[in-house]
Amino acid sequence: MPDKYIVLDRDGVINVDLFDYVLKKETFEFEKGSIEALIKLSKNNYQIIVATNQKCINLGLISAEGIEKINNFWINKIKELGGDILHIEVCPHRDEENCNCRKPKTGLLIAAEKKLNINLKESYFIGDKLSDLECAVSHGCKPILVKTGYGSRTFSSSYPKETKVFENLKAAVDWIIN
Ligand SMILES: [Mg+2]
Ligand SMILES: [Zn+2]
């Protein structure tokens, strides 16, 4: 079976959004059912790409290496349990830097496509913020909103009409796979 790709936001989707930055691995807490969901995607030949805004880096709250350590920590946990994360793209920039990668811009997806020589158009993109959904639509991905993290707030405002909505990552993945 050919590989399929799926894009996931991190905070509020995979892990509990602290409504603050995750600056150490001890405060990285998986959302209920998200470990199971990630493993299910892997077992069903989905290659997982994570696209995450982490302006805490350029705010000087943590180094890029510090963020990488936190990501290695949770990705290793998923690997130990039989899942995999193919690739993670991080935007370190603050809003006012006006970079090309901070979502809703699509630079993270373009960077992943170039590095991996893949195409993410038509892939699902699961996020909790409007910026995730807008990024998905701009790039030609299929937007999915989860109600975890900022998701319930996003759900009660306006978002792209083609968006599918689920309670959490687990419910979204169950729908995708079944
Ligand atoms: Mg998020
Ligand atoms: Zn950026």
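Let's start with one residue: Trp 74 has a relative accessibility of 0%, so it counts as buried. Buried means under 20% relative accessible area, exposed means over 50%, and partly exposed is in between, with a 1.4 Å probe and protein chains only.

A word on what we are looking at. This is a predicted model, where local features need pLDDT of at least 70 and side-chain atom pairs count only at pLDDT 80 or more, while totals for chains, interfaces and linings use all residues. Residues are numbered from 1 along each chain as its sequence is written, chains are lettered from A and ligands numbered from 1 in the order in which they are written, and side-chain values use heavy atoms, with hydrogens and water left out.

Back to the rings. How many aromatic pairs does a search of the whole structure find? Seven. Rings of Phe, Tyr and Trp (its six-membered ring) pair if their centres lie within 6.5 Å; planes under 30 degrees apart are stacked, over 60 edge-to-face, and the rest tilted. Phe 28 and Trp 74 are a stacked pair, 5.5 Å centre to centre, with 5° between the planes. Phe 28 sits in the loop between β1 (4–8) and α1 (34–43), and Trp 74 in helix α2 (residues 64–80), so the pair ties together parts 46 residues apart in sequence. Helices (H or I, at least four residues) and strands (E, at least two) are DSSP runs, numbered from the N terminus. Phe 28 is buried too, at 7% relative accessibility.

Another stacked pair is Phe 155 with Tyr 159: 6.2 Å centre to centre, 25° between the planes. Here Phe 155 is partly exposed at 36%, and Tyr 159 is partly exposed at 25%. There is also a cluster: Phe 28, Phe 30 and Trp 74 form one aromatic cluster.

Next, charges over rings. That needs NZ of Lys or CZ of Arg within 6 Å of the ring centre and within 35 degrees of the ring normal. Lys 25 lies over the face of Phe 73, 5.9 Å from the ring centre. Lys 142 lies over the face of Tyr 124, at 4.4 Å.

Now the metals. Donors are N, O and S atoms within 2.8 Å of the metal (3.2 Å for Na, K and Ca); water is not among the atoms, so sites may look incomplete. Which residues hold the zinc ion, ligand 2, as protein donors? Cys 91 (SG), His 93 (ND1), Cys 99 (SG) and Cys 101 (SG), lying 2.0 to 2.3 Å from the zinc ion. Their spacing along the chain is C-x1-H-x5-C-x1-C. Cys 91 is buried, at 0%. Cys 99 is buried as well, at 12%.

The magnesium ion, ligand 1, has Asp 9 (OD), Asp 11 (O) and Asp 128 (OD) as protein donors, 2.0 to 2.2 Å away. The spacing in sequence is D-x1-D-x116-D. Asp 9 and Asp 11 are both buried.

What about disulfides, pairs of cysteine sulfur atoms within 2.5 Å? The search of the whole structure finds zero. Take Cys 141: the nearest cysteine sulfur, that of Cys 135, is 7.0 Å away. Cys 141 is buried, at 6%.

Last stop, helix α4 (residues 130–139). Its buried residues are Ser 131, Asp 132, Leu 133, Cys 135, Ala 136 and His 139. Just after α4, Gly 140 takes a positive phi of about 90°.

Definitions and conventions. A disulfide is a pair of cysteine sulfur atoms within 2.5 Å.
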